[in-house]
Amino acid sequence: MKHAAHKATAGSRQQFSFAKALFSSGKGFHCVRRVRAAQAANGGVVLGLDPAVAEKLNEVAPLTRRSIREAARAAERRNIMLSSASLAALVGTAATAMAFANPDETNTLLADASTTTTQMNRITSASSTVSRSEARESLSSDTAATQQTSNEGDWQLGDMSSLDTSLMSRSQANNPVVAALMDGDYGLLPDGFDPNHAVGTESNQYPWGQCTWYVYQRRAELGLPTSGTFGDARSWGVSASSLGYWVDNTARHTGDVVVFSPGQENADSYYGHVAVVEKVNADGSIEISESNANGLGVVSTRTFTAEQAAQFTYIHY
């Protein structure tokens, strides 16, 4: 049995169906909800909806996926525009605050970097004769003809007495050891002394272990080469003097050759003896080193008083 309640008007059923379509779930483009919404969007033909209300419903609930994407893009563009406008307003506000807070610094930041020019002023002195005049006069031919320079005169090297001549070597010796010894003996060198005298052969020609052999070796160690052809010990003084050595009877330096006459201080009665001065003491005594005084090739030392030392012959340099 049908009741009268079910015989509602078509308008009532249509209104109920539209509300159900809006608030009930539905899927697909042909569902009741989508159809009713489309009808509402197209001028609000359903139940006589106002067009403005229908447009608002379409904005709130887009009909298609494309409409949803477009609505999202539109919302994003609105957000970007709002953010840009807000940022621009913030920057403008900050710049305005800085300008009012410190106008000088703001002008410096906005303007080009300034440059500083330093002006150098000429320093002149009334008593100075070397400064250039501010007013320059042109050179005439007459002036140029009368101004001449002269190269006459002499060189002035200053006060020569201020030079310390003791620091200058006064010898002409090629051997630096000889040159140093000569500087100490300057003024005592005898006539005929040759600082660059010949030394004979470069090798030791004397018999091994003999006094002459030892003196040759020891002098070479001290940087004072000795001739290898002086002969027997007794003839060393004469041979050295003939070659330009300095020979006398005074012990002067370490390295001097001591020549013993035959039989002198236990020297060989025929050949004599030679040794090397190792030290000259303040009292005039000397210390010597020698070979073959106690046996062939045996090196030994002895000390002689100043009186004894004055009896020997010495070869210097």
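Helices here are DSSP runs of H or I with at least four residues, strands are E runs of at least two, and both are numbered from the N terminus. Counted that way, the protein chain has 10 helices and six strands.

Okay, ground rules. This is a predicted model, so local features need pLDDT of at least 70 and side-chain atom pairs count only at pLDDT 80 or more, while totals for chains, interfaces and linings use all residues. Residues are numbered from 1 along each chain as its sequence is written, and side-chain values use heavy atoms, with hydrogens and water left out.

Confidence next. pLDDT is the predictor's confidence in each residue, from 0 to 100; the mean for the protein chain is 75, with 57% of residues reaching 70 or more. Residues 43–47 stay under 50, yet the model gives them 11 contacts beyond four places in sequence, a contact being heavy atoms within 4.5 Å. Residues 125–131 are also below 50, and that stretch has one contact beyond near neighbours in sequence. Where pLDDT is low, the predicted coordinates should not be read in detail.

Now, what's inside? Buried means under 20% relative accessible area, exposed over 50%, and partly exposed in between, using a 1.4 Å probe and protein chains only. Of the 317 residues in the protein chain, 23% are buried.

On to the cores. A nonpolar core is a set of buried Ala, Val, Leu, Ile, Met, Phe, Trp, Tyr and Cys residues joined through side-chain atoms within 4.5 Å. The largest has 15 residues, and those touching the most other members are Val215, Phe230, Trp236, Val257, Val259, Val274 and Ile315. At least two residues each come from α8 (211–221), α9 (236–242), β2 (257–260) and β3 (273–280), and α8 gives the most, with four. Take Phe230: leaving aside neighbours within four places in sequence, Phe230 contacts Tyr206, Ser235, Trp236, Ser239, Ala240, Leu243 and Tyr245. A separate core of 12 residues includes Val258, Ala275, Ala309 and Phe312.

Last stop, helix α7. Which residues of α7 are buried? In this helix, residues 176–184, they are Val178, Ala179, Leu181 and Met182. They sit on the same side of α7 because they cover an arc of only 165 degrees around the axis, taken from the directions from the helix axis to the C-beta atoms. On the other side of α7, Pro176 and Gly184 are exposed. And at the start of α7, a side-chain oxygen of Asn175 comes within 3.0 Å of the backbone nitrogen of Val177.

Terms used
A polar contact is a pair of N or O atoms within 3.5 Å; within protein, one must be able to donate a hydrogen and the other to accept it, and residues adjacent in sequence count only if both atoms are side-chain atoms.
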